[in-house]
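Dear colleague,

Please find the structure below, handed over for your review. My notes on its contents follow.

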Amino acid sequence: MLRKGFKVCICVMLAIAIMASIVGCGASAGSTTTTSAVSSSDTTTATATAAPAAPVDITWQTWGYEHASMDPAIADAMASDFPNVNVKFNLVPYADHYTKLKVDLASGAGSDVFDIQDGAPATQFAEFCEPIGPLAEKAIGADWQTKFTDYALKQDAVNGAPVGLPCGIGGNGVLWVNKTLLDKYNVQPPKTLDDLKALSATFRKNGQLPFSIGAKDSWINEDVFQSIANDINSSKLYDALDGKVKWTDPDLIKALDVWQKLFTDKTAQDGALGMNMYNDTYDIFLKNMIPVIPVGLWMINNYTGNDTFKKNVADGNSYMPIRFPDVNGDGKAPGLLLGLNAIVVVNKNSTHKDEAMLFAKSLTMGKIYQKMLDILWYLPTVKDTKPQGQYDTELQSNLDLITSWLGDVAGSRQIKYPELQKAIDDQLQALAAGQSTPQKAAETIETASAAQKR
Amino acid sequence: MTKSKAAYLYIAPMCLFFLIFTAYPVVFTIQTSFYKWNGMSANKSFIGLQNYTNVFHDGIFYIILKNFVIFGLLTIFIQMVFGLILAVMLKSKLPFSGFYKTVIFMPVVLTPTIIGYIFSRVLEYNLGTLNVFLRAVHLDFLALGWLSDTKVAIFTLIAVNIWQWTGYSMMMYMAGLSTIPEEMFEAAKIDGASNFRIFIHVLWPMLKSTHFTLSILGVIGVLKTFDIPYILTNGGPVNSTQFFSTYIYQKAFSLYDAGSASTLAVILLILAIICTIVQNHLYSRANEV
């Protein structure tokens, strides 16, 4: 009897142990967490939100804010006048950010504050975001929308309503050149596609890599193609994305043709489809072995944040952004493709929405925002703000250049519709591989566009 | 308590584990395959067999099936052959055989991220180690787009997979060889059999159970293949290296289409069941003989 009773006890304990391990395995994972207090002494007017009486922890999930975790100045900016609000942030690699968000939000959990991008992510995640209007009015004031630039608010909206608070502008429609390398071969920064083709030919002739694109990454292919299409006929591109114009329009077929010729005419490097932008292509650029790459405005942050880049500059290498080359021969560069660095949203399941909003405010228009502007993590989304760091001559010159371009925007960088985006990505790669023709590619994209729910 | 009731208590924990982590996800996945759902929203729309119709009209699905067959046949067969040859060689008490075993087995324990990082550097078209070497020895025509050429990329992944897992096959065969009595080989030699005939008519048949185990594990591995294609090619270029798991991942997490992802998962499950039934049937028939 005693033996049987003992065996029964063992079974029950095993069952409890397994259940406990199942529960224990459910802990969320972030690559780093730090704790800071939220600042209330921000640049905007006093808020109606009072300090919590008891300590409150809120969580923030984002990607890429390594500086926010490592820069003491950023940490100082988060020092609180509300001593009872502590922010723990989860830095998740970009590749895993939305996957983790999906899993957490679908189970009713997730961080109190999290970042999403405009375009498809904003559309998909909007239903998990607390309507930002009432929170923003309480924390910032009834006129909160007037604090942000028009473009920022436009990109922040899903079905006409803001999803969160816009946090910084980024985008593409530019190229970055290694001026030192160009000077070595007596080549001028390209102003037209023919110039770019000639530049590539010169570098190839000298046994060097030409203009290089990490075409394994769909996002860079979209950026370059959209820049080409913007110069040929910008309104048709955006109308086609919205389903108002067919993709078999001659101007869009021409854009696809120009894209394909980048590869068939040897303007882009061989084997482009096997390289991603970060870090395959970019690492080689940092070794000063590539003259021109199509990365975007965000690269300016490297002057403050990338040690290899800083060392290259200190060693006498010079870099500069240039506008995407003129495609249609009218002497003008295509407009920029702008998007928000992030939209900061409050989780509708958060139990500390007011405190989360305080943090979101600092992040998007307060001390943290200004600090991130100063290190050029992004460009301004709040009116009458600008980077205020100490910059050397080259950096200041490049920053002034970029700032002067911000008024010439072709449209949004992000494609809002996932299935259409996949079709475009596949066809851009097929064209680069020589496996399709511009006409066929256009027809395939049009089929996906017609089927896309908008 | 009677013996039978006590037995149920013993198996209760594992049954519970199976129900929660195997049975429920399978049922949920099958159910989701009949819905249009982004994987997060509280709103789902029932669309019947529409997801299945869409999958069978999707050209990428047929690329996946083709890759499954090519990848499976080549990786399983070549790994088994290489593994057996290495096992036979290392069993014959070569000097430093322990060192060779370790080196050959090491890729098995490397994480896919490390393997992906190493091979992306080695196989890059312009500055990758392999092509730089081939150009240096004037074999430029062999410097292919290992990861960028749609016709070559799948075979590159096959080669990387073989490199990674041959050590495992070798260890399995070494274990199998250790169960074969030496007298069998001695008797064959006394009868005048050459090494080749001993290999074909003695060694190979005696390792039937190892062949079967490796082929079962190989098929499971091929069905689950994700990490190396994801890291090296991300299913490209132009979807030429898409597998079930990479496409399911894309559908679920990039395209916000959990319904289609679930449909592909159900098809994958059916394929796995069919493969297992066929293999079991072949093994049973071979045993009867």
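Is Asp249(A) buried or exposed? With a relative accessible area of 16%, Asp249(A) is buried (under 20% relative accessible area; exposed is over 50%, partly exposed in between, with a 1.4 Å probe and protein chains only).

Please note that this is a predicted model, in which local features need pLDDT of at least 70 and side-chain atom pairs count only at pLDDT 80 or more, while totals for chains, interfaces and linings use all residues. Residues are numbered from 1 along each chain as its sequence is written, chains are lettered from A and ligands numbered from 1 in the order in which they are written, and side-chain values use heavy atoms, without hydrogens and water.

Asp249(A) forms a salt bridge with Lys236(A), the closest N and O atoms being 3.1 Å apart (a side-chain nitrogen of Lys or Arg within 4 Å of a carboxyl oxygen of Asp or Glu). Lys236(A), partly exposed at 24%, also forms a salt bridge with Asp251(A), at 3.4 Å. Over all chains, the structure holds 20 salt bridges.

Between the chains, 39 residues of chain A are in contact with 39 residues of chain B (heavy atoms within 4.5 Å). Three salt bridges are found across this interface. Lys36(B) pairs with Glu419(A) in a salt bridge, with the closest N and O atoms 3.8 Å apart. Another salt bridge joins Asp283(A) and Arg121(B) at 3.3 Å, N to O. Both ends are partly exposed: Asp283(A) has 27% relative accessibility and Arg121(B) has 28%.

Yours sincerely
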